[in-house]
Amino acid sequence: MGMYMQLLLLQYLVSSFMCNALAFVEEPTDKHAKSDGYCGRILRAQTQGTRRDGYNEFRLRVEGDPENYQPASIYRVTLYASSPSYFRGFTLIALKEGTEGTRDDHYAGKFQIIDEEDTQFMTNCPPAVTESTPRRRTRIQVFWTAPPSGSGCVILKASIVQKRIIYFQDEGSLTVRLCEKEAVFGETTEKPPPECCACGTAKYRVTFYGNWSEKIHPKDYPRRANHWSALIGASHSRSYVLWEYGGFASEGVKQVAELGSPVKMEEEIRQKGDEVLTVIKTKAQWPAWQPLNVRAAPSAEFSVDRTRHLMSFLSMLGPSPDWNVGLSAEDLCTKECGWVQRLDQDLIPWDAGTDNGVTYESPNKPTIPQERIRPLTSLDHPQSPFYDTEGGPITALARVLVERIARKGEQCNIVPDTVDDIVADIGQEEKEEDDTPETCIYSNWSPWSACSSASCDKGRRMRQRMLKAQLDLSVPCPHTQDFKPCMGPGCSEEEASTCMMSEWINWSPCSVSCGMGMRSRERYIKQFPEDGSICSLNTEETEKCVVNDDCYSIPCMLSPWSDWSDCSVTCGKGVRTRQRMLKSPDLGECTEELEQVERCMQPECPTDCMVSEWTEWSECNKSCGKGHTIRTRMVKLEPQFGGEPCPETVQRKKCKIRKCKRGSRASEERKRRRGGEVGGGKEKRRGKQQERDAAVEEQPGCKMRPWSSWTDCTKHCGGGIQERFMTVKKRAKNTPAQVTSCKDRKEIRACKVHPC
């Protein structure tokens, strides 16, 4: 019965401890408490607790700090503590606003574990997330998939465990309220994007301005190998996705992201055939940043049309694990059936989901399984170069400028536009009835050719188109060529019209970044002469240009670099510097760097031996007569790289408790040894030991067992101890009170005192 009561008491203590650790608030037993179970107690604990001062040191944050959520979209949720605070455990839950969490349909969305070593679903409350193991931590992250449309507002709540549980009310910094993003009136969330209604084609120039530099992004900036990879992209249709947030990187995207190689990406783009109109490419930039008066920003030109009006590109920042910047499916077609004139956008880095590195120069560590493409944030990892304890936005690494430089063909936008970039299509198609069968898919007509006759004899002009698909083989697809009559130049009955040209487009950038170079501009033929003659007017002009014309007359006159200074430390890791001087400070401002700093490594610093404190002195190894006592200390750290050697680890000193009382037989034995037997040093010592042993064994009324063997040494090196024991075999009942030495004995000696 006693054992049963002990078990009940132990079970009660364990249950009480677990309840306190999880911060559940016990309530009187009633029907409501029985129905809502474990999750309901968590929610009541979070709402019934009292908030303490200084609660802002902890924060629950949804990436981007949105006020609304997009149904079924994925968000990164972060719980973190501001330095120097920390937490050991936590609970995270998402609940529909106005519900108590007593039913399964009260929970909103679904959490997804990112790091199983840090987080897990709560065993007895699956909608909630908690810590995997209690330990000190400053932040955790999970993904949260928003609930479907019609779920209303959602409350994300967290409670944290530090030295004690801290509860937060509904308006606290550990609570986030998100409401469903409202759809535009008359538009459903699943409505596909409208088709482009613009006419003709448009020509654009994309210019890439890299802002990634040590001045703007100083943390761990890679000074030696920083660069932008070759920019690669395309103008394409809506059915082709080059890359997108939430999608998986193709092999081409992976090779750009990890290696900076655009070869596979270009191959993938060209395999898309008619889904792509233009491949966009620029050269790589080494180093990543230079002033524009030293190096012009890279640019490329591309075209778009009604079916291929989206533009995507990417460029890797290197070195990095798999980080890039770029645009994805940027639509250049406007709702007014025209073409976007100008697009200027900052670019933040994104992760391709193929490598787990967290710093610029992390070693290759493939992500298995591959993760989805996502934007980098300032809360991803404390070692990240973009990390910010406050979770602020990342400063843009680059800026892209897309400018419309020309339009071709008949334009149908209803909004008035500038005239200088309106260019008619070469050889406008005749607007005539088309009797082409619906089962035949053709390309557009080519421009009309020049007249076949150079005299006033009748000739003809021709245009062609290509049969791209025949959906019904039983229906023929005619008319891949078209002809019309014409005569040579000057033979038309009406006066032959002249060439109609567009205005000149803007001049291109100068071919050099400093001094004299060349620039060009072009225009297009808006209309050919009706008589079929060829326009002889120039469509391109070039001229000389000068950029910073004093760059050669007033250069930065600099001295050679000095030798590297001595390392800042005599051992271990340090830095060294070198300088150069500006020889002509009065000739103008010079932006060249005058000092360079790099890391240096000296021989390892000497490490002295470290030992523990001395132990207490041991008991005297003799119960009577002269003996010794010892104390020891441990070697905690062996000397390295020429450090101070280890001092002694064992000390011994004499001890004497009292004189021993010898028996008659012992006295005779001692006299006999003094009289004649003289042996070696070892025999003398053995004789003395036997003499002492005999003195104990032969005491009147006290019979002892022989000494036991020495125990194993307590250490393999560095000074240990051994022990042996002698126990009382028999003690007479009438033993004299003065025989106090008739008791168990123990001896101690040092062993293995050599250094480790």
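Which residues gather in a patch of positive charge on the surface? They are K626, K654, K656 and K659. The model is a predicted one.

**The charged patch**

K656 sits in strand 37, which covers residues 650-656. Is K656 buried or exposed? Its relative accessibility is 51%, and exposed means over 50%, so K656 counts as exposed.

**Disulfides**

How many disulfides does the structure hold? There are eleven. A disulfide is a covalent bond between the sulfur atoms of two cysteines.

| Pair | S to S distance |
|---|---|
| C197 and C337 | 2.1 Å |
| C571 and C605 | 1.9 Å |

Why is the disulfide of C196 and C333 right-handed? The torsion about its S-S bond is about 90°, so the link has that hand. C196 lies in the loop between strand 11 (175-180) and strand 12 (201-210). C333 lies in the loop between strand 18 (323-331) and strand 19 (342-347). The pair therefore ties together parts that are 137 residues apart in sequence. Both cysteines, C196 and C333, are buried.

*C197 and C337.* The sulfur atoms of C197 and C337 lie 2.1 Å apart. The torsion about their S-S bond is -105°, and the link is left-handed. C197 is found in the loop between strand 11 and strand 12, and C337 in the loop between strand 18 and strand 19. C197 has a relative accessibility of 26%, so C197 counts as partly exposed.

*C571 and C605.* Here the sulfur atoms are 1.9 Å apart. The link of C571 and C605 is right-handed, with 95° about the S-S bond. Which parts does the pair tie together? C571 lies in the loop between strand 31 (540-547) and strand 32 (573-579). C605 lies in the loop between strand 33 (595-601) and strand 34 (610-611). The two parts are 34 residues apart in sequence. C571 is partly exposed, with a relative accessible area of 23%. C605 is also partly exposed, with a relative accessible area of 29%.

Conventions. Residues are numbered from 1 along each chain as its sequence is written. This is a predicted model: local features need pLDDT of at least 70, side-chain atom pairs count only at pLDDT 80 or more; totals for chains, interfaces and linings use all residues. Side-chain values use heavy atoms; hydrogens and water are left out. Patches are made of residues with over 30% relative accessible area and no salt bridge: like charges are joined within 9 Å, nonpolar side chains (Val, Leu, Ile, Met, Phe, Trp, Tyr) within 5 Å. Accessible areas come from the Shrake-Rupley method with a 1.4 Å probe; for residues, only the protein chains shown count as cover. A salt bridge is a side-chain nitrogen of Lys or Arg within 4 Å of a carboxyl oxygen of Asp or Glu. Lys and Arg count as positive and Asp and Glu as negative; His and the chain ends are not counted. The place of a charge is taken as NZ of Lys, CZ of Arg, CG of Asp or CD of Glu. Helices (H or I, at least four residues) and strands (E, at least two) are DSSP runs, numbered from the N terminus. Buried means under 20% relative accessible area, exposed over 50%, partly exposed in between (1.4 Å probe, protein chains only). A disulfide is a pair of cysteine sulfur atoms within 2.5 Å.
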